[in-house]
Amino acid sequence: MNTKAVKPDLTQEEPINVDTAARLLGLRRSTLYALTSRRAVPHYKRGGRIYFLRTELIAWIKEGRRTVINDTSANAHLRQLGKEVTNA
């Protein structure tokens with residue numbers, strides 16, 4: 001039998017509320033509520049309240065990352081399409 005006391009996991013993340021999550025994402029509360037109702041953003045519901053984890057929201061933002069095309073590649077592509085390339 002293991003007689004060691006179980007220590008709480010101090011690395012567990014504290015949930016954040018709607019106001020804090022909205023500020024983190026730069027959204028209005030109403031927009032964030034709409035995203036949760038469509039299950040478009042990671043969230044938790046308990047006792048009629050909605051909670052978020054900061055790390056999950058940041059990961060959600062990163063999932064939407066778009067690939068950046070460097071200027072040289074973009075210009076070469078435009079030339080292939082017969083478009084005029086101007087260097088400003």
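Which residues in H2 are buried? The legends below take up this and other views of a predicted model.

**Figure 1. The whole chain of the predicted model.** The protein chain holds 4 helices and 2 strands. Along the sequence they follow the pattern α-α-β-β-α-α. Of the 88 residues in the protein chain, 15% are buried. The accessible surface comes to about 8000 Å². Carbon and sulfur atoms account for 51% of that surface. Among contacts with a separation of 6 or more, 40% join residues 24 or more positions apart.

**Figure 2. Confidence along the chain.** The mean pLDDT of the protein chain is 81. A score of at least 70 is reached by 69% of the residues. Helix H1 has the highest mean among the elements, at 97. Helix H4, residues 71–80, has the lowest, at 67.

**Figure 3. The buried face of helix H2.** Leu32, Leu35 and Thr36 are the buried residues here. Seen down the axis of H2, they fall within an arc of 100 degrees, so they line one face of the helix. These buried residues pack against H1, strand E2 (49–51) and helix H3 (54–63).

Figure 4. Thr36 is found in helix H2. Its relative accessibility is 7%. Thr36 counts as buried because buried means under 20%. Which residues does Thr36 touch, not counting those up to four places away in sequence? They are Val41, His43, Ile50 and Phe52.

**Figure 5. The buried side of helix H1.** Val18, Ala21, Ala22 and Leu25 are the buried residues of H1. They cover an arc of only 100 degrees around the axis, which puts them on the same side of H1. Their packing partners are H2, E2 and H3. Leaving aside neighbours within four places in sequence, Leu25 is in contact with Leu32, Leu57, Trp60 and Ile61.

**Figure 6. The largest nonpolar core.** This core has 11 residues. They are Ile16, Val18, Ala21, Ala22, Leu25, Leu32, Leu35, Val41, Ile50, Phe52 and Leu57. Helix H1 (18–25) and helix H2 (29–37) each supply at least two residues of this core. Which helix gives the most to this core? H1 does, with 4 residues.

Figure 7. Phe52 is a member of the largest nonpolar core. Phe52 lies in the loop between E2 and H3. Is Phe52 buried or exposed? Phe52 is buried, with a relative accessible area of 0%. Ile16 and Phe52 stand 36 residues apart along the chain. Their C-alpha atoms are separated by 5.2 Å.

Figure 8. Side chains of opposite charge can pair when their charged atoms come close. How many salt bridges does a search of the whole structure find? The search finds 1 salt bridge. In this pair, the side chains of Asp19 and Arg29 meet at 3.0 Å, N to O. The pair links distant parts of the chain, with Asp19 in helix H1 and Arg29 in helix H2. The two residues are 10 residues apart. Asp19 is partly exposed, at a relative accessible area of 31%. Arg29 also counts as partly exposed, at 41%.

Figure 9. Arg39 lies in the loop between H2 and strand E1 (44–46). Its place in the chain is just after H2. What phi does Arg39 take? The phi is positive, about 55 degrees, although Arg39 is not a glycine. Arg39 is exposed, with a relative accessible area of 75%. The cut-off for exposed is over 50%, so Arg39 falls in that class.

Note on methods:
Residues numbered from 1 in each chain as written. Predicted model: local features only at pLDDT ≥ 70, side-chain atom pairs only at ≥ 80, totals over all residues. Heavy atoms only, no water. Core = buried A, V, L, I, M, F, W, Y, C linked by side-chain atoms within 4.5 Å. Buried < 20%, exposed > 50% of the residue type's maximum accessible area, 1.4 Å probe, protein only. Contact = heavy atoms within 4.5 Å. Arc of directions from axis to C-beta. Salt bridge = Lys/Arg side-chain N within 4 Å of Asp/Glu carboxyl O. pLDDT = per-residue confidence, 0-100. Areas by Shrake-Rupley, 256 points an atom, 1.4 Å probe, with all protein chains shown as cover.
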